[in-house]
Amino acid sequence: MDITLTSLEAEHSQLLSSKIRAEINAKGGWIPFSHFMQMALYEPGMGYYSAGAHKLGAGGDFTTAPELSPLFGSAVANTLLPVLEGFKSKGLPSKILEFGAGTGKLAEAILQHLGKQGFSLDAYEIIEISPDLAARQQSRLNHLIASQESSTTCHWLDELPQNYQGVIIANEVIDAIPCELIIFENGFWHWRGVSDENGQFLWKTGKPVNQNALPTILLNGNFPEGYTTELHPQAHAWMRQVAQQLQTGLFLTLDYGFPESEYYHAQRQEGTLITHHRHHAIPDPFHLPGLCDLTTHVEWLELARIALAEQADDVFLTNQGAYLLDAGIGELALELADPKDAETFLPISNALQKLLSEAEMGELFKAFAFSKNLSDLIPGQHLQDLPGLGGRNRL
């Protein structure tokens with residue numbers, strides 16, 4: 001694929017590549033892939049998410065659901081509203097905390113929808129590691145408040161508060177948490193890492209993986225020589241922290257992924273790691289470090305196990321299309337425009353097609369949620385009673 005870079009882009013990637021090479025040499029000629037991914041995405045001032053760059057939307061590298069339509073955020077708000085009302089009824093602050101808020105469009109849509117429902121949120125909090133995106137969020141949400149479309153106070157936090165009471169959401173966050181790569185060779189699983197030879201990043205197999213680090217399905221399965229896949233210790237640690245610190249309320253995330261049996265299917269021989277640049281999927285993760293997004297799909301079953309181990313009341317998983325329909329996105333679309341008015345309704349219909357269709361985001365993307373002490377907050381109600389989170393899809 002021929003991609004024309006500006007001189008500044010080329011220099012930026014070369015500088016980060018040089019820093020990664022220096023790290024490889026300092027570590028004896030090999031680093032685990034998670035170390036490479038961490039630097040490529042988050043190296044201060046240089047990584048993809050740490051340096052200023054236009055990442056989202058038509059002019060960026062990929063498009064997320066909130067960028068497609070505010071209806072996505074409105075449907076999510078329908079799910080959150082009963083929980084937020086429960087906090088109000090108990091005299092507790094009604095709060096939403098969002099991890100990785102992108103351009104702020106999801107927050108904007110949620111706040112606007114809650115306002116239309118006559119609900120005043122006490123605080124909207126954001127944890128954002130990208131200075132560029134945090135600035136865009138602040139501009140968008142401050143404008144929303146200045147225009148009096150929302151009276152909610154917005155705060156940017158450095159870390160998740162302890163014993164959090166409220167709603168925690170994360171849209172397409174877990175896929176960008178650095179992962180480990182492993183490869184099946186000569187009857188054993190080995191760490192897969194990165195070396196540097198003559199200025200080129202190359203794959204290099206490392207030591208055998210301790211069996212305690214492997215899911216049972218990889219120990220018992222029949223995998224071909226060279227089968228490569230991912231392990232997610234950092235994502236699991238993040239999920240464990242969220243589940244530990246959520247004292248009362250709801251956690252909801254939407255992302256692309258599979259449950260364990262599909263994730264580690266014997267025919268998925270090259271794993272799920274992919275690179276995104278200017279709306280192109282690129283199989284080479286070493287392509288233009290600092291200018292490309294690196295992601296993996298989410299393995300949902302282990303996240304559910306972690307949540308339950310941390311005293312979650314219940315966990316839920318379904319595809320995005322079913323979740324959004326159950327959360328009322330169809331009714332919300334009809335409120336915006338009459339289907340008979342093609343000029344007005346066609347853009348809405350196109351956005352719905354991308355969000356709901358099995359051929360687009362509707363099947364691959366999943367909604368995952370868990371609750372803690374929700375029945376104490378909303379007597380008689382549980383996770384499956386919330387809009388979009390029907391009991392039939394509980395794990």
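Trainee: Is Cys179 buried or exposed?

Mentor: This is a predicted model. A residue is called buried when its relative accessible area is under 20%. Cys179 has 0%, so Cys179 is buried. Cys154 comes to 13% relative accessibility, and therefore counts as buried too.

Trainee: How many disulfides are there by this rule?

Mentor: A disulfide needs two cysteine sulfur atoms within 2.5 Å. The count is zero. Take Cys179: the closest cysteine sulfur belongs to Cys292 and sits 16 Å away, so a bond is ruled out by distance.

Trainee: Now the strands. What holds a sheet together?

Mentor: Backbone hydrogen bonds pair the strands, either parallel or antiparallel. Here, β6 (residues 180–185) pairs with β9 in the antiparallel sense, over four bridges. Within that pairing, Ile183 has Thr228 of β9 as its bridge partner.

Trainee: Which way do the residues of β9 point?

Mentor: β9 covers residues 228–231. Thr228 and Glu230 point one way, Thr229 and Leu231 the other. All four are buried.

Trainee: What is the strand order in the open sheet of three strands?

Mentor: The order is β12-β11-β13, with antiparallel pairing.

Trainee: How many bridges join β11 to β13?

Mentor: Three, linking β11 (residues 274–277) to β13 in antiparallel fashion. For His276, the bridge partner in β13 is Asp293.

Notes:
Residues numbered from 1 in each chain as written. Predicted model: local features only at pLDDT ≥ 70, side-chain atom pairs only at ≥ 80, totals over all residues. Heavy atoms only, no water. Pairing = 2+ DSSP bridges. Helix = DSSP H or I, 4+ residues; strand = E, 2+ residues; numbered from the N terminus. Buried < 20%, exposed > 50% of the residue type's maximum accessible area, 1.4 Å probe, protein only.
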